[in-house]
Amino acid sequence: MKYYEVCAKCGHVGKGKYYPGKIYILAEDGKQAAEKARNFPRVKHDKKDAIISVKEISEQEYLLGKQAVNEDPFWSCTNKQQQNELCPDIAEKVFMESSYKTESIKRPKRHSLRKIYNYTDPLYEEYINYSGNIRMQEESI
């Protein structure tokens, strides 16, 4: 077994943003280490590019890294409120996703027939008469 330091995109820091978190893993090879890191809590599981880098390290670096992860408040938070309270300096380390679209997709508005037919339209009178007849029929029922 070998020791690996995996840098992964971690979530819960805002829409379209990520925190590059370091995870220390014991695995057979780099591919297995990356796979284990992808299933780690707080890592963005649905992103193809969630793993930034995989680096083989020594046992001493592994142990020091594990200790640092245990002391880091980002990994011990259980909700967003704790994260805001315990990690005020995390904002400096948060980056925008390169694949995130900043422009929102706007759907066309659906208009009622009343807005389609205005008083300058020659069919406006027919529309008014038609809609009025329907209302009168509904009221008589």
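This is a predicted model: local features need pLDDT of at least 70, side-chain atom pairs count only at pLDDT 80 or more; totals for chains, interfaces and linings use all residues.
Starting at the N terminus, the elements come in the order β-β-α-β-α-α-α-β-α-α. That gives six helices and four strands.

Now, what about the chain as a whole? It has 141 residues, and 26% of them count as buried. The exposed surface comes to about 11000 Å², with 51% supplied by carbon and sulfur atoms. And if we take contacts with a separation of 6 or more, 61% of them join residues 24 or more positions apart.

Let's go inside. The largest nonpolar core contains 22 residues, and Ile23, Ile25 and Phe74 have the most contacts within it. Which elements give two or more residues to this core? They are β1 (2–10), β2 (17–27), α1 (30–38), α2 (59–71) and α3 (73–76). The biggest giver is β2, with five residues.

Have a look at Ile25 on the screen. Leaving aside residues up to four places away in sequence, Ile25 touches Lys2, Tyr3, Tyr4, Val6, Ala33, Lys36, Ala37 and Tyr62.

Last stop: Asn39, which sits in the loop between α1 and β3 (51–57). Is Asn39 buried or exposed? Asn39 counts as exposed because its relative accessibility is 58%, and the cut-off for exposed is over 50%. A polar atom of the Asn39 side chain also lies 3.4 Å from the backbone oxygen of Glu35.

Notes: Residues are numbered from 1 along each chain as its sequence is written. Side-chain values use heavy atoms; hydrogens and water are left out. A nonpolar core is a set of buried Ala, Val, Leu, Ile, Met, Phe, Trp, Tyr and Cys residues joined through side-chain atoms within 4.5 Å. Buried means under 20% relative accessible area, exposed over 50%, partly exposed in between (1.4 Å probe, protein chains only). Contact means heavy atoms within 4.5 Å. A polar contact is a pair of N or O atoms within 3.5 Å; within protein, one must be able to donate a hydrogen and the other to accept it, and residues adjacent in sequence count only if both atoms are side-chain atoms. Accessible areas come from the Shrake-Rupley method with a 1.4 Å probe; for residues, only the protein chains shown count as cover.
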